[in-house]
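Dear colleague,

Please find below the structure that I am handing over to you. My findings follow directly after it.

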Amino acid sequence: MTAQKNNADNVEDEVMCDCTGTTRGKIYDLVTQGFDFDAISGKTGVNTGCGGCEWEIESFIDALNEGNKI
Ligand code: FES
């Protein structure tokens, strides 16, 4: 049986906003295109539901803008 990659090990597929299903990879792509948190929220709907994802996503965007990798 071939070992299959577990989704939990695939950082890009990690859902950061449960309300919209927005993944870390999607946010990464938008940040690399120059979108800030508000623009990403407008495009994907993150932080427009329960708001519980705000801190984590903002921190992720800040980290990316500081040149860190996911
Ligand atoms: S988890 Fe993102 S708005 Fe609810």
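Phe-35 is partly exposed, because 17 other C-beta atoms lie within 10 Å, and a residue must have 20 or more such neighbours to count as buried. Please note that this and everything below refers to a predicted model. Phe-35 sits in the loop that joins helix 1 to helix 2. Not counting residues up to four places away in sequence, Phe-35 touches Leu-30, Ile-40 and Lys-43. Two of the residues that Phe-35 touches, Leu-30 and Ile-40, belong to the largest nonpolar core.

The overall organisation is as follows. The protein chain contains three helices and two strands, and their order along the sequence is β-β-α-α-α. Of its 70 residues, 17% count as buried. Among contacts in the protein chain with a separation of 6 or more, 45% are between residues 24 or more positions apart.

The largest nonpolar core is made up of eight residues: Cys-17, Ile-27, Leu-30, Val-31, Ile-40, Val-46, Cys-53 and Ile-57. Helix 1 gives the most to this core, namely three residues. Ile-27 is one of the core residues. When neighbours within four places in sequence are left aside, Ile-27 is in contact with Met-16, Thr-22, Ile-40, Ile-57, Phe-60 and Ile-61.

Ile-27 also takes part in the packing of helix 1 against helix 3. Helix 1 covers residues 24-32 and helix 3 covers residues 54-65; their axes are 10 Å apart and form an angle of about 45 degrees. The two helices are therefore oblique to each other. The crossing of helix 1 with helix 3 is right-handed. From helix 1, the residues involved are Arg-24, Ile-27, Tyr-28 and Val-31, and they meet Ile-57, Phe-60, Ile-61, Leu-64 and Asn-65 of helix 3. Sorted by class, this contact comprises seven nonpolar residues, one polar residue and one charged residue.

Three further positions deserve a mention.

Thr-20 is located in the loop between strand 1 and strand 2 (22-23). With 17 other C-beta atoms within 10 Å, Thr-20 is partly exposed. Its contacts, leaving aside neighbours within four places in sequence, are Thr-44, Gly-45, Val-46 and Gly-49. Thr-20 and Thr-44 are 24 residues apart in sequence, yet their C-alpha atoms are 7.2 Å apart in space.

Asp-13 belongs to the segment that comes before strand 1 (15-17). Asp-13 counts as partly exposed because it has 13 C-beta neighbours inside 10 Å, whereas an exposed residue would have 12 or fewer. Asp-13 and Thr-23 are 10 residues apart in sequence, and the distance between their C-alpha atoms is 5.5 Å.

Which phi value does Asn-47 have? The angle is near 70 degrees, which is positive in a residue other than glycine. Most residues other than glycine have a negative phi. Asn-47 lies in the loop between helix 2 (37-44) and helix 3. Is Asn-47 buried or exposed? Asn-47 is buried, because 22 other C-beta atoms lie within 10 Å.

With kind regards

Key:
Residues are numbered from 1 along each chain as its sequence is written. This is a predicted model: local features need pLDDT of at least 70, side-chain atom pairs count only at pLDDT 80 or more; totals for chains, interfaces and linings use all residues. Axes are lines fitted to C-alpha atoms, for helices over the stretch in contact, and angles run from 0 to 180 degrees between N-to-C directions. Helices (H or I, at least four residues) and strands (E, at least two) are DSSP runs, numbered from the N terminus. Angles under 35 degrees count as roughly parallel, over 145 as roughly antiparallel, 65 to 115 as roughly perpendicular and the rest as oblique. A crossing is left-handed if the near helix is turned anticlockwise from the far one by less than a right angle, and right-handed if clockwise. Two residues are in contact if their C-beta atoms, placed from the backbone, lie within 7 Å. Ala, Val, Leu, Ile, Met, Phe, Trp, Tyr, Cys and Pro count as nonpolar, Asp, Glu, Lys and Arg as charged, and the others, Gly among them, as polar. A nonpolar core is a set of buried Ala, Val, Leu, Ile, Met, Phe, Trp, Tyr and Cys residues joined through C-beta atoms within 7 Å.
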